[in-house]
Amino acid sequence: MSGTKDDELEAVANGFAEDVEAVLEGLRSLDGITDPEEIVAGLLVELSRALTIGARMAAMPRLVPPDRYEPDSGPDIDLDDTRVALATILDGFDTYVEVFDPYDDPAAPAAYRISDDVISLTAALAHGMQHARAGRPIEALWWWQFSFFSSWGGETTSALRALQSVIARDRIVGAIPAMSPEEPPLDPL
C-alpha cells in the first residue's frame, strides 16, 4: 500500500476513533443511573450510535491489519462490576430470547442478557481505542471491523431489539416486562 493510501486510511481510522470515543463517553454517562426507564432510553441511543458506526465499517472493504499479529494493547479494562450493576438495574427484563443464527437448520432460540451484550460492545470498542491511543489507528479500525462481524455487531443488534421491545411494551400496552412497578395503564379500547 502506498503512503498516500495509508495516510487516507489513517484519516478514516482517526474519524472512526472520534465516533467510537463519543459512544464510549455516552455509555460512561449512563454509569450511576438507577432508573430503569432512563437507562433503557440511554442504551437505545448509544447502541444505535454504535451500530451506525459498525454499519459504516461493514460497508468498507475487508481490512487487513498491517502486522500479522495484533500488537499488545495492554490489559483489557475490567467491566464486571459495571455488568453486575447494569444487570441489577435491568432486573426483570435483562434476559431475552433470540435465535442466534436464523440460517441454522433447525434454528434454535437461546437466552441472552442485555447487560452482557452492552459490556461486550464496550469492551470491544475500548480495546480498539487502546490501539488508536497507542498510535495504531489502522489496527484500531481493523479491530473494530473484525469484532463487529465476529461479536458486537450481532450482540448489539439483538440487545437493541430487546430494548426496543421492552420500551414498546411499556409505552404501547403497559405489558410485562414493564420498566416500572406502576400499574399498567387501562386499555383504551
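Biologist: What pLDDT does the protein average, and over which residues is the pLDDT below 50?

Modeller: The model is predicted, and 89% of the residues score at least 70, with the protein averaging a pLDDT of 87. One stretch with a pLDDT below 50 has 2 contacts in the model beyond near neighbours in sequence, and this stretch covers residues 181–189.

Biologist: At what angle do helix H3 and helix H4 pack, and which residues of H4 make the contact?

Modeller: Helix H3 (residues 80–89) and helix H4 (residues 114–133) have axes 9 Å apart and pack at an angle of about 145°, in a crossing that is right-handed. From H3 the contact draws on Thr82, Arg83, Leu86 and Ala87, and from H4 on Ser115, Asp116, Val118 and Ile119.

Biologist: Which element gives the largest share of the lining of the largest pocket?

Modeller: The largest pocket holds about 450 Å³ of space, and among its 21 lining residues Leu27, Arg28, Asp31, Thr82 and Thr122 lie nearest its centre. At least two lining residues come from each of H1, H2, H3 and H4, and the largest share, 6 residues, comes from H4.

Biologist: How many nonpolar, polar and charged residues line the second largest pocket?

Modeller: The second largest pocket, with about 310 Å³ of space, is lined by 18 residues, including Phe100, Ser151 and Glu155, which are among those nearest its centre. H5 gives the most to this lining, with 10 residues. By class, the lining has 6 nonpolar, 7 polar and 5 charged residues.

Methods. Residues numbered from 1 in each chain as written. Predicted model: local features only at pLDDT ≥ 70, side-chain atom pairs only at ≥ 80, totals over all residues. Heavy atoms only, no water. Axes fitted to C-alpha atoms, helices over the stretch in contact; angles between N-to-C directions. Helix = DSSP H or I, 4+ residues; strand = E, 2+ residues; numbered from the N terminus. Left-handed = near helix turned anticlockwise from the far one by under 90°. Contact = heavy atoms within 4.5 Å. pLDDT = per-residue confidence, 0-100. 1 Å grid on protein atoms, 1.4 Å probe; cavity = no way out; pocket = protein on both sides within 12 Å on 5 of 7 lines; lining within 4 Å. Points joined across faces, edges and corners; volume = space filled by probe spheres on them. Nonpolar A, V, L, I, M, F, W, Y, C, P; charged D, E, K, R; others polar.
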